[in-house]
Amino acid sequence: VNHVLTFALGAVAVAALRKAARVYFDDATSTLLSMMVLALPLFQSQVEQINMEMLLLCFAVLSAQCLTEKKLVPAALFAIGAALAKGVGIVMCGTVAAASVFLFLFGERGERLRLKTLVAAVLSVMYVAVKYYAAFYVLNEEGHVSMVGWMLGWEELGKHNARPCPEQSHA
């Protein structure tokens, strides 16, 4: 059952890619593009495994498809789904937010200065802000998760290596 779900997610991702490509290319070219993605060994290997990459890809491609059709609120919701599937999905949240702000400021007459255009950007940015506030301040009571950066964490390493092991003290 799990493999069938992964295959279905891959099929939805390729179908959404073809539909998004049809906005810019003819039917034959968009079909060829989707077949090329199906032929990639990386895509085939990920479809055969049971992990979150296909769910992430499915939500990300659906979000990109909605962006090509300028359906910004569904694009934001799919981007949030991508970020829920895997942390790197926040890239799609940023993409939707940037595209929404761009269309809000410089879009055609139908999108420019519309509240609905800006709602997608606010949804995406609010989700990322809440997620990282929860990750770094609510769930991280000890303060160790945010130690990502150059030369950080050496103090913690020193605390754990200061005590000699019982086997080493007898030698």
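Colleague: What span should the 17 residues of helix H6 have, and how far apart are its end C-alpha atoms?

Modeller: This is a predicted model. Helix H6 covers residues 90–106, and each residue counts for 1.5 Å, so its 17 residues should span 24 Å. The end C-alpha atoms agree with this expectation, as they are 24 Å apart.

Colleague: Within what arc do the buried residues of H6 fall, seen down its axis?

Modeller: The buried residues in H6 are Met 92, Cys 93, Val 96, Ala 97, Ser 100, Leu 103 and Phe 104. An α-helix has 3.6 residues a turn, so residues three or four places apart point the same way. The buried residues of H6 therefore line one face of the helix, falling within an arc of 140°.

Colleague: Which exposed residues does the face of H6 turned away from its buried side carry, and against which helices do the buried residues pack?

Modeller: Away from the buried side, the face of H6 carries the exposed residues Val 91 and Phe 106. The buried residues of H6 pack against helix H4 (53–68), helix H5 (72–85) and helix H7 (115–138).

Colleague: How many helices and strands does the protein have?

Modeller: From the N terminus on, the elements run α-α-α-α-α-α-α-α-α. The count is accordingly nine helices and zero strands.

Colleague: What percentage of the accessible surface of the protein belongs to carbon and sulfur atoms?

Modeller: Of the 171 residues in the protein, 28% are buried. The accessible surface comes to about 11500 Å². The share of this surface that belongs to carbon and sulfur atoms is 70%.

Conventions: Residues are numbered from 1 along each chain as its sequence is written. This is a predicted model: local features need pLDDT of at least 70, side-chain atom pairs count only at pLDDT 80 or more; totals for chains, interfaces and linings use all residues. Side-chain values use heavy atoms; hydrogens and water are left out. Helices (H or I, at least four residues) and strands (E, at least two) are DSSP runs, numbered from the N terminus. Buried means under 20% relative accessible area, exposed over 50%, partly exposed in between (1.4 Å probe, protein chains only). Accessible areas come from the Shrake-Rupley method with a 1.4 Å probe; for residues, only the protein chains shown count as cover. The expected span of a helix is 1.5 Å times one less than its number of residues. The arc is that of the directions from the helix axis to the C-beta atoms. Contact means heavy atoms within 4.5 Å.
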